[in-house]
Amino acid sequence: MIRHINDMIPVKPATVLWALIRRDLLLGVRQKSQIYQPLVFQLLVVTMFPLGLGAGAKTLASIAPAVIWVLALLASLLTLDHIFKVDHEDGSLETYALSAVPLPASVLAKATAHWLLTGLPLTVFSPIIAVLMHLPESAFGVMMGSLLLGTPTISLIGAMGSALTMSLRHGGLLLTVLVMPLLAPVLIFGASAILESTLGNSASGQLLALTAILVFSLTLVPFAAATAIRINLE
Amino acid sequence: MNRLVKLYHQLGSPPTFYRITGKWLPWLFWAGVLLMLWGLYDGLFVAPIDYQQRESFKISYIHVPAAWMSMFIYLVMGISGFMALVWRMKVAEAILIASAPIGAIFTLLALVTGSLWGKPMWGTWWDWDARMTSELILLFLYIGVMATYNAYDDPRKGARVAALVAVIGLVNLPIIHFSVQWWSTIHQASTVSLFGQQHIPWSMLRGWLIMAIGTKLYYGYSVLKRARLLLLETEKHTVWVQKVIEQECQNA
């Protein structure tokens, strides 16, 4: 018996999700702006710090952990708005909601694609920011590790924020208001991981806390975002 | 059926909610105001002066109840948000939306009085200590709920999205609180606990407790008053609202 249109087409959910990720990645790679804009933004803002501080190398190094993480947060915020907005505007979001693939899984796919397009480049690019901020080289490993563990949470919580605000015309500021408080723990543990490692201490506690937050977000955020999408599509 | 369960079901329907809560309002208001006046009198004039903090300790009779209320109201919002999402109760939505500004004001009051208290005690208006920071983040969460509701043209959709925002915030609140505690803190630790040794004499505690009950009753009055108005507005095309208005006109 055919209960649902998707029962007629024998497609595995994994194939659909992979297609979803691949589509977003292709769009990102072709448009490019989603990838390079956060990086250019970071570079621009990081230039302002020495200009404002008067090029004191010591001051720069001491604020580097905070600056690196705040920049990663702000640069990601620029791109969060688009996670669901475009799909909502062209109607493809409704097909995700109606498909046999669970909506939370589609949310996870969208967040994964977003992370591959922004979080991962930010992590790879971070040593350049670190060099500009005079961060000791011994802390580079921990810095990249903390970004690797923290940026996926930004993408997940950001996807939730984007789902909450997608049908609003000027939702950008609201998205920031909603997402920033939720990301405060990521910032705290991320920046303090780098700080501890510049002081020569072990940062494993902070990195484990970041991992815990990531696992927690992975399990709950897709459901919250899917609920938000369903409310918005009603 | 149990009377309490019956009352709960009755309160779920906007017209009955409007009728029943109308009778509660004056009681809640006067009980709340009188208790708060008594609590303030007890705290400001009767309670002994702290040997270390002197008179400035007395600001705590506003600061502590306000901080308690800021958390209590967020809890109410989270629970009514959950009810609004699961059972789509209009009354729960109204309670949620009505609570947000009251909670935000109590949070602001706690922050401002804390700042005024901090200046003579710590020598600074503001310090990024764990409790102050979580309270500030709580204010942001309140603003998020209010801004979400206002951003939507359709108030019911706005209320449902705001309900989800409140629930998400409630789940995240412990994480934010404990991660913020990673800094060493200058704020004094909790003095009042339900169980175990009390760190404060009864004569000083009494004012806080009276204020805590008084502010809760006042919140009850305020939230019901606001929720009733919200319901009148969202239900303005229904027969019961028209009847209410006709009655009000006859009484006037």
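Two residues are in contact if their C-beta atoms, placed from the backbone, lie within 7 Å of each other. Keep that in mind for the views below. This is a predicted model, in which local features need pLDDT of at least 70 and side-chain atom pairs count only at pLDDT 80 or more, while totals for chains, interfaces and linings use all residues. Residues are numbered from 1 along each chain as its sequence is written, and chains are lettered from A and ligands numbered from 1 in the order in which they are written.

**View 1. Where α6(A) meets α9(A).** On the α6(A) side, look for L103(A), P104(A), V107(A) and L108(A). They meet P222(A), F223(A), A225(A), A226(A) and I229(A) of α9(A). By class, that gives nine nonpolar residues, no polar and no charged (nonpolar covers Ala, Val, Leu, Ile, Met, Phe, Trp, Tyr, Cys and Pro; charged covers Asp, Glu, Lys and Arg; the others, Gly among them, are polar). The helix α6 (residues 103-132) of chain A packs against α9(A) at about 110°, with the axes 8 Å apart. Axes here are lines fitted to C-alpha atoms, for helices over the stretch in contact, and angles run from 0 to 180 degrees between N-to-C directions. The two helices are therefore roughly perpendicular (65 to 115 degrees; under 35 is roughly parallel, over 145 roughly antiparallel, and the rest oblique).

**View 2. Where α4(A) meets α7(A).** How are these two helices, α4 (residues 82-90) and α7 (residues 140-165) of chain A, placed? They pack at an angle of about 40°, with axes 7 Å apart. That makes α4(A) oblique to α7(A). I83(A), F84(A) and K85(A) come from α4(A), and their partners in α7(A) are G158(A), A159(A), S162(A) and A163(A).

**View 3. Helix α2(A) and the glycine after it.** This helix takes in residues 33-53 of chain A, 21 in number. From first C-alpha to last it reaches 30 Å, close to the 30 Å expected at 1.5 Å a residue (the expected span is 1.5 Å times one less than the number of residues). Next comes G54(A), with a positive phi near 85°.

View 4. Most residues other than glycine have a negative phi. Is K32(A) buried or exposed? K32(A) is exposed, with 10 other C-beta atoms within 10 Å. H134(A) is partly exposed, with 16 other C-beta atoms within 10 Å. The cut-offs are 20 or more such atoms for buried, 12 or fewer for exposed, and in between for partly exposed, with C-beta atoms placed from the backbone.

**View 5. The side of chain A that touches chain B.** Each chain, A and B, puts 20 residues into the contact. On chain A, the elements giving two or more residues are α8 (172-198) and α9 (204-233). The largest share, eleven residues, comes from α8(A). This side of chain A has 16 nonpolar residues, three polar and one charged.

**View 6. Stepping back to chain A.** Chain A has nine helices and zero strands (DSSP runs numbered from the N terminus: helices are H or I, at least four residues, and strands E, at least two). Of its 234 residues, 46% count as buried.
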